[in-house]
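Dear colleague,

Please find the structure below.

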Amino acid sequence: MTEVARTHLDALENQSIFIFREAYHAFKNIATPWSMGKDSNVLIWLARKSFFGRVPFPILHIDTTYEFPEMLEFREWATKYHNLNLIVKINTEARARGIGYETHDPVTVTHELKTVALQQALAEYKWDALITGIRRDEDPTRAKERYFSPRNAQFEWDYKDQPPEFWSQFVTTTAKGEHVRVQPLLDWTEIDVWRYIQRENIPIPKMYFARNGKRFRSLGCSPITHPIESNASTIDEIVAELEATKTTERAGRAQDHYERNAMQKLRAKGFL
Amino acid sequence: MTRPKGNLKGRSTSESESYPVSAIRSPISTPLRVVFVGHVDHGKSTLIGRILHDTGSLPEGKIEEIKKACAAEGMEFEFAFLLDALLEEQKQNVTIDTTEIPFRTARRRYAIIDAPGHKEFLKNMITGASRADAAILVIGADEGVREQSRRHGYLLSMLGIRNLIVVVNKMDLVGYSEKRFREIEQDYRKFLQQLGLNAHTFIPASASEGENVARSSMKMKWYCAANVLEALDLLEPQKSDVDLPLRFCVQDVYRFDGRRIIAGRIETGTLRVGDELIFSPANKSSVVATIERWPQVILSGVEGSRGASSTVTQRDSSTSPGMTVVAGDSIGITLAEQIFVERGYVASHQNETPVETNRFHADLFWIVREPLRIGHFYDLRLATQEVKCQIVSIEQVMDSSTLEKTSDAREQLQRNEIGRLAIQTRGPLVIDNYDRVPNLGRFVIVDDGKICGGGTIFGGVYTDRTVAKSKNIFWTEEKITARERALRTGHRGAVIWLTGLSGAGKSTIAQSLERDLFHRGMHTYVLDGDNIRHGLTSNLGFSPDDRMENIRRVSEVAKLMADAGTVVITAFISPYRMDRRRAREIALEGNAEFIEVFVDAPLEVCEARDPKNLYKKARAGEIREFTGIDAPYEAPDDPEIVVHTDQQTVDESVATILEQLLSRLRTEE
């Protein structure tokens with residue numbers, strides 16, 4: 001009867017928009033953490049698609065004070081471009097205590113400057129849901145996530161007893177102190193994200209593209225994020241590179257590999 | 001708006017260049033999602049690990065990493081560990097949750113959904129399986145068909161998964177015996193037939209040894225059909241929902257920039273600019289003015305080819321005539337007329353409307369420890385609708401592993417049981433039968449914010465809404481809501497519809513019931529032949545057409561009175577099912593409760609009573625078309641309440657009605 005072609009990217013986009021709208025309806029007070037990385041820029045793009053050009057909730061940047069200068073430059077530019085209501089949060093208390101990569105291990109610093117900062121922001125703004133850009137293919141612990149994933153008051157993720165999720169019905173209530181992580185990109189892969197950035201022409205930081213034989217595959221704090229050897233300077237070249245590689249995306253992120261199950265421990269304590 | 005060049009690099013190769021080779025190597029098609037189910041320890045995770053290994057889908061260093069971890073824990077390496085990446089899982093040696101892992105064959109991409117086998121983790125299995133296009137059910141050759149082999153098969157059938165491959169695993173443990181394989185195949189095929197499912201393929205395999213997974217086994221030469229990967233490649237994705245009737249489920253109405261955009265997802269069917277839509281439950285109609293998109297996409301060439309060449313322009317509200325959106329699309333539309341629409345409304349096309357009801361039958365699976373209880377209020381969610389509901393009765397309970405039926409009516413449904421239920425909602429619900437439009441024929445039951453069970457609907461009765469309905473009259477939005485009225489009166493408005501033969505006792509019961517409710521401080525009124533036939537319907541006789549019109553008028557009056565907050569009791573023979581069904585729909589449009597009461601007494605008893613000597617006159621031929629004598633009475637199939645006036649006194653009958661009625665008249669908070 002009707003022949004209207006829909007691609008895999010269309011299907012992913014449709015599902016993400018559906019989730020954004022469900023979250024916007026279900027929760028009074030929501031926000032989207034934004035790292036300025038490629039995934040979180042896709043997230044903002046999808047929010048604008050969902051709400052016809054606007055982002056009707058605040059965008060949160062957890063500033064670890066170890067940001068690449070180029071990323072901060074991008075933050076200023078993109079805030080205006082997308083007309084965002086930007087909130088910047090720094091864990092000033094931990095910095096005052098001297099927590100930093102110069103003196104501490106990456107797991108401790110990541111926990112203090114990211115997770116604790118997020119907890120502080122949550123306590124301050126009382127959000128009942130956070131829309132995050134995590135994907136199943138990033139890490140085995142993320143593979144087990146739900147689209148709507150509750151976190152308790154201590155910020156812990158009870159991955160052994162997750163709510164059932166079927167027929168597009170989600171957990172949309174929170175007890176006092178709890179919040180829900182809403183994860184519209186769960187089904188996307190790294191290559192899907194790149195293809196979508198290409199199709200939609202979504203602005204991203206230029207650090208993802210190769211300069212002098214190196215590029216960043218994943219972006220985090222400057223002291224612990226390392227570029228990979230690469231000559232990929234266009235999205236097509238990046239996709240071709242990704243299809244050939246068997247190295248994991250977050251291999252250049254030191255905090256994941258500091259000890260066995262580091263990611264598991266970080267996530268159980270509230271890391272995104 | 002232009003972008004500062006130095007700061008971003010989203011742009012790719014220019015459009016004139018040919019498409020790169022990588023795009024051909026990486027066709028962007030949706031992967032076929034395959035769920036792996038089966039009894040605990042029958043080897044699902046091992047099979048998945050083996051598939052990932054044999055298709056070269058593991059990240060570099062993964063096997064070495066796991067081998068190292070195993071050595072550190074003093075354990076032998078197993079393929080299953082590839083999945084059990086979480087520390088706690090390795091400790092317990094049990095898969096705990098649903099994962100999704102991609103792999104690829106020459107034919108297409110796949111996403112594996114691993115579902116756990118432990119009994120208490122059923123909700124994870126359902127979470128995983130509900131997203132699947134196909135299922136692989138693993139049975140251990142050593143243990144054979146077990147409880148969860150059957151339970152999972154049953155749930156797959158309820159979740160609507162038709163593509164099923166059964167892998168008889170661990171053949172190495174039974175000496176690759178064909179006899180053992182055939183026993184298990186026969187055993188499980190018999191079970192599937194009872195469910196009306198046909199498993200296409202049974203494959204003898206050994207995941208740990210790699211036999212019949214990616215390569216055909218030399219050790220089982222007696223089996224020459226497809227191995228697991230070949231069988232997967234032979235599957236076709238489940239039929240798309242594009243060709244079903246349109247169901248556009250409203251998620252929200254946004255008022256941005258002074259425009260009203262109705263946002264939601266097309267669950268099934270197709271929608272075009274210019275279509276006339278009927279919005280249920282209010283039955284208001286309007287025409288689709290625009291399909292809204294951001295950023296505005298200029299379509300070049302073939303419709304739907306929003307590929308790499310889409311052009312971003314400034315947002316404008318111009319319409320894109322001829323635009324079509326289809327099942328699966330998340331969309332926003334504007335309407336030509338500003339009718340009232342809110343979340344939960346379902347838009348359809350005129351000739352293919354869904355059913356609107358507050359009572360239906362369903363098969364329901366229950367997945368939480370706390371049992372389902374009759375009479376308890378639950379939230380029911382169906383697509384974007386959410387209403388309060390009560391379980392009226394549990395007619396049949398089935399053990400999902402033995403398929404044993406316990407037909408006795410029950411008060412509760414326990415975890416892992418599947419029950420056949422009658423469900424009643426407060427306020428109208430827009431539904432379809434599961435076999436007609438699956439997305440509108442399934443729902444979840446929510447208690448205290450938690451999803452406790454899922455059900456599929458059957459037995460919805462479709463009526464033609466075009467018959468007694470003028471398209472141009474729309475319900476006026478009341479400024480005072482039913483809820484406000486209910487708060488003042490302390491109860492909800494309702495229509496209590498008594499039906500039964502002449503002489504069955506309808507008027508007597510109506511008056512006695514009204515007296516009781518009146519003493520409770522409720523606003524009540526009885527509509528019966530005495531106050532209707534002489535005025536409102538004095539121009540009507542007793543022909544089928546006149547009876548229908550008589551009931552229609554009574555229904556409309558009852559709805560208005562119920563909407564005004566009154567508990568209206570009607571006492572009419574109302575012999576036709578279709579008329580009573582319409583009375584229910586009319587009441588529900590007014591957001592009133594509708595409760596059908598069958599006042600039942602055998603014809604002989606009614607004729608013997610004959611309070612107005614009507615039966616005598618009918619027998620004598622003085623009255624024509626008298627119900628029960630020379631006109632039919634269609635007894636209700638499924639009334640909310642039945643009273644037997646040949647066995648019960650008037651007081652007993654009234655008590656029976658009150659028992660079910662009072663809780664439903666209560667205001668919610």
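Two strands are said to pair if DSSP finds at least two bridges between them. Helices (H or I, at least four residues) and strands (E, at least two) are DSSP runs, numbered from the N terminus.

This is a predicted model, in which local features need pLDDT of at least 70 and side-chain atom pairs count only at pLDDT 80 or more, while totals for chains, interfaces and linings use all residues. Residues are numbered from 1 along each chain as its sequence is written, chains are lettered from A and ligands numbered from 1 in the order in which they are written, and side-chain values use heavy atoms, with hydrogens and water left out.

I begin with chain B. Here 6 strands close into a barrel, in the order β7-β8-β13-β11-β10-β14, with antiparallel pairing. From one strand to the next, the twist averages 50°. Axes are lines fitted to C-alpha atoms, for helices over the stretch in contact, and angles run from 0 to 180 degrees between N-to-C directions. Strands β7 (residues 247–256) and β14 (residues 346–349) of chain B are joined in the antiparallel sense over 2 bridges, and C249(B) stands opposite V346(B) in β14(B). Helix α1 (residues 8–26) of chain A packs on this sheet, touching β7, β8 and β13 of chain B; contact means heavy atoms within 4.5 Å. The direction of α1(A) makes about 60° with that of β7(B).

Chain A holds an open sheet of 6 strands with mixed pairing, in the order β3-β2-β1-β4-β6-β5. Its edge strands, β3 (86–89) and β5 (148–151), each pair on one side only. Within the sheet, β4 (residues 129–131) and β6 (residues 179–182) of chain A pair in the parallel sense over 3 bridges, where A129(A) has V180(A) as its bridge partner in β6(A). Helix α1(A) packs on this sheet too, touching β1, β4, β5 and β6 of chain A. Helix α5 (residues 106–125) of chain A touches β2, β3, β4 and β6 of chain A, and its direction makes about 145° with that of β2(A).

Lastly, a pair of helices. In chain B, α12 (residues 544–563) and α13 (residues 577–589) pack at an angle of about 25°, with their axes 9 Å apart. They are therefore roughly parallel to each other, as angles under 35 degrees count as roughly parallel, over 145 as roughly antiparallel, 65 to 115 as roughly perpendicular and the rest as oblique. Among the residues that make the contact are M548(B) and I551(B) of α12(B), and A583(B) and I586(B) of α13(B).
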